Amino acid sequence: MWKTILRRLMIMVPEVIILSILVFLLAKAMPGDPFTGSINPKADPAQIKHLMAINGLNDPWYQQYWNWVVHLFHGNLGNSYQYQEPVTRLIEGRAGNTLWLAFFSMVLTYAFALPMGVFAGRHEGKLPDVIIRFYTYVTYCIPFFVILVLGIWIFGYVFGWFPTTGSVSSDAQGWAQTIGSHFYHILLPGILGALFSTVNIVQYLRSEVIDAKHSDYVRTARSKGVPSKDIYRHHIFRNSLLPIAAFAGYSITGLLNGSIFTETVFSYPGMGLLFVNSISYRDYTVITALVLIFGLLNLLGTLLSDIILSIVDPRIRIE
Amino acid sequence: MSLVEIKDLKVHYPIRSGFWNRVTDSVKAVDGITFNIEAGETYGLVGESGSGKSTTGKSVVGLEKVTSGSILYNGKDITKADNRRKLDYNRDVQMIFQDSLSSLNPRKRIEDIIAEPLRNFEHLSKDDEKLRVLQLLNIVGLDADALYKYPHQFSGGQRQRIGVARAVATNPKLIIADEPVSALDLSVQAQVLNFMKKIQREFGISYLFISHDLGVVRHMCNNIAIMNRGRLVEIGTREDIYNHPLHIYTKRLLAAIPETNVNQRAAHRASRLAVEKIYEDQQSKYYDEDGMAYPLVQVSPTHSVALPETIAKQLASQEGEVQA
Amino acid sequence: MAENFEQHSDISAADLARLNQEAQAEATPSTAKIIWNEFKADKPAMAALIIVVGFIVFVMIGALFINTPKMMETNIMDYFDKPFTDGFWLGADSGGRSVAKQLIVGSRNSIGIAIGLTIISSTFGIAWGLVSGYFSGYIDWGMQRVYDFMMMLPMTMMIIVLVTIIPHYNSVSLTFIFSIFYWEGTSRLIRSRTLAETQKDYVAASKTSGTNHWKIIFKEIMPNISSLIIVDCTLSFAENIGVETGLSYLGFGLPNQTPSLGTMIANANDPSNITLYWWTWLPAALEIVVLCLSISYIGQVLRRAADSSQRQGAAD
């Protein structure tokens, strides 16, 4: 087990290095220079040249890359000129919102998917199964952002049940109200996100249940007279629990990548919305930091899933 | 000179383990075997499953990467892919597979299947090629209307005939037949074997006939090699193997041939149990400490057995006395 | 050598034409035909196919008759005209531009990009999966590491960054940028099937018949996973409609003056638009929903048809 994890981590090292180089070069390739906007636009070109020189911007790229990495390890991601504050502090403020929403969505995903999967498998071919399969089919093929827009329109504007912007209402007072308001704001995006990421889990669980129903040990249990509720709980469900837990990693990366859309639609101040705004303002320091962070989160998500899977199935323990 | 000379052939698969995934051990599928196939003969290679006989066959046809040793064809070592290409080796050496269904591409029509080696090696005109395919179908006893059908529309025996037609298409010198009939019904087995013999006579082909069934091998082969755990335990003519088996493993295999005469069933069973008992008792005599067979020792011009020299001679003379 | 065959067979050149004709009379329909027949039997699927194909043809041709720059001109007089007024079937947007016309041109652009993206990314993904699965060992290992790396990249963000870097992009370069990031799913699927196919004896038989690796990969193995490829392409197409529209919705897809379904839905970003002037964005959103549902329904039926054609194959 630990060997698998260690080897997996070792494969990650070059990946992270290549990612950081890629991100660095992309940042370099973006139009403009880091001083655009932070100094007087009418500044003397000679002065800008001087600034570039003392900041090492005329060095070869690998030298600059190295400096950048050294800064990175000191927790120094540079300054955002749009907000005029250190990128680390800026992202710290937003990361909580994004992660909190993704986590909430994931919990809801499992809360929806587990009963649906078992239920559909149990009633294979009957009406509930048909309905659940239709639901997974619909959620699988409609683009996520369209659902978000339709969702906020119907539930946010037409019915007015949910807030349509921000992460907390400004007139919330005291910690109880603040937490309540926070929760209220992530409710609709959280539910929509969850409803649309259940597909894999529902389909996996359904086919597991159907397979298990026809397996010898379940037939034996049934012929012994074990009540069917217990069979599902103890024999079938428990067996597929770990593989399903392994979906957590993938599903959290999916939710994070979807956060760009969720946060734009709901004007929810998280990392995704920060990214979109930074692109509009060409705020490069923030952009590179966010791409790097999302890449690392993706990596950790798949790592988590791979580790859980390697516990479940020794065959996957990397060649 | 023999058609094919196999010298000290070894095929090992590495086992990787440990943190750095280094090669720590190897599975010795084929571990140093030597034999020759003469032009026009059928050479039988016999052993239980996992004995390495299929791997040997695949090495000879060039499908398996050889670890060491050599396979000489017309004096050229064809374990090197380069030499195979230069010689158009597979034009002369073809293969018939055990599973007739999986060895025929399900998405290709029979015409395209049989014509595949022709297209690669002979570059005939369209009409000539079609004619050749029709002739081949005719030779293996199938009608012309098979031409545009798919493999799944034929029975197992018919499919194996198609496999034979493909193997014969370029008029090869040697065909590796890897358990060609073991997936077929008994009644169909005989048909397929007989027309394989017929084709051999007409085209002067050699077969390397791989099988686990000594009954079938007796029907087909002049020379036979018995394989066990990647090594040869006994080689000899049909006469040597069936009438004077020396190695205990050969004796066991022979005892396992089903007896069709019901009256002798009890006697057959008794002799089988006797062989089994000897095997249990004398295993250490026939294998070295690692459970591997000994190197081959010649006991007559045609007959060799894998035993320490003294025991081999002793057994051979005993056998001779019994015969006398 | 030919004499050898002449000798032992009673067929000679004279019989060729006759026998060939006989054989053709007995020929079996190809798999594509079987799938098509299965598909035709499914009435709703046929309806979906006709709707999708008809719609695509309609917008492709319809867009030819619309002068896009003129259409995109601002016309204050028609500011947020309601549907069915002033000759605007679906009303007009904040610039007084016809929603219906934008919808047609936008659909053409969005669907065109989705088709292009599907063709490029699927071709690449299929080739990648086939090669990776066929050559095991170091080649496969290396290709898998590239795959892992691509999976780690935050796709949407990378695309947005690339779009901002490239100075003058149009729908073609946009399609290529998308394609860099959307081949992985297909390649994974194809690789796992190729691994299984490569183990089969017909591949070994082709090798001993002297066929080279590339021919084996693309002429022997690929036809055997063709049904998987067809189904995957259809489903990818449905998925890919969301790619360009999603980015255009965020404002990083097609340039401003080029209408797209995504930019139309972006009208909903304005709180007053979304409720008051719903006709500016809702038709585009509904169109995407209907289109995606129909296409993936076609994909589902194709999968069923392909499976049953395989069953027919195995049954005989």
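User: What share of the 316 residues of chain C counts as buried?

Analyst: In this predicted model, 45% of the 316 residues of chain C count as buried. The label requires 20 or more other C-beta atoms within 10 Å of a residue's own.

User: Which numbers describe chain B in the corresponding terms?

Analyst: Chain B comprises twelve helices and twelve strands. Buried residues account for 45% of its 324 residues. Of the contacts in chain B between residues at least 6 apart in sequence, 67% join residues at least 24 apart.

User: Why does the radius of gyration of chain B agree with that of a compact globule?

Analyst: A compact globule of 324 residues would have a radius of gyration near 20 Å, and chain B has 21 Å, so the value agrees with the rule. Along the principal axes, the C-alpha atoms of chain B fill a box of roughly 65 × 60 × 45 Å.

User: Why are α1(A) and α3(A) called roughly perpendicular?

Analyst: The axes of α1 (residues 2-29) and α3 (residues 61-73) of chain A cross at roughly 115° and come within 11 Å. The class of roughly perpendicular covers 65 to 115 degrees, and α1(A) and α3(A) are therefore placed in it. Their crossing is right-handed.

User: Which residues make the contact of α1(A) with α3(A), and how do they divide by class?

Analyst: From α1(A), the residues S20(A), I21(A), F24(A) and K28(A) meet W61(A), Y65(A), W68(A) and V69(A) of α3(A). By class, this contact has six nonpolar, one polar and one charged residues.

User: How do you know that α11(A) and α12(A) are roughly perpendicular to each other?

Analyst: Helix α11 (residues 241-265) and helix α12 (residues 271-280) of chain A pack at about 80°, with their axes 7 Å apart. Since the class runs from 65 to 115 degrees, α11(A) and α12(A) are therefore roughly perpendicular. In this pair, S259(A), I260(A), T262(A), E263(A) and T264(A) of α11(A) meet M271(A), G272(A), L273(A), F275(A) and V276(A) of α12(A). The residues of this contact divide into five nonpolar, four polar and one charged.

User: What makes up the contact of chain A with chain C, and which element gives the most to the side of chain A?

Analyst: The contact takes 34 residues from chain A and 31 residues from chain C. On the side of chain A, the elements that each supply at least two residues are α1, α5 (127-141), α6 (144-158), α11, α12 and α13 (284-312). Of these, α13(A) gives the most, with eight residues. By class, this side has 27 nonpolar, six polar and one charged residues.

User: What makes up the contact of chain C with chain B, and how does the side of chain C divide by class?

Analyst: Chain C provides 35 residues and chain B provides 38 residues. Elements giving two or more residues to the side of chain C are α1 (2-8), α2 (16-25), α11 (201-208), α12 (213-224) and α16 (282-315). The largest share, seven residues, comes from α11(C). This side has 13 nonpolar, 14 polar and eight charged residues.

Definitions and conventions. Residues numbered from 1 in each chain as written. Chains lettered and ligands numbered in written order. Predicted model: local features only at pLDDT ≥ 70, side-chain atom pairs only at ≥ 80, totals over all residues. Contact = placed C-beta atoms within 7 Å. Helix = DSSP H or I, 4+ residues; strand = E, 2+ residues; numbered from the N terminus. Nonpolar A, V, L, I, M, F, W, Y, C, P; charged D, E, K, R; others polar. Rg over C-alpha atoms; globule rule 2.2 N^0.38 Å. Buried ≥ 20, exposed ≤ 12 C-beta atoms within 10 Å, placed from the backbone. Axes fitted to C-alpha atoms, helices over the stretch in contact; angles between N-to-C directions. Parallel < 35°, antiparallel > 145°, perpendicular 65-115°, else oblique. Left-handed = near helix turned anticlockwise from the far one by under 90°.
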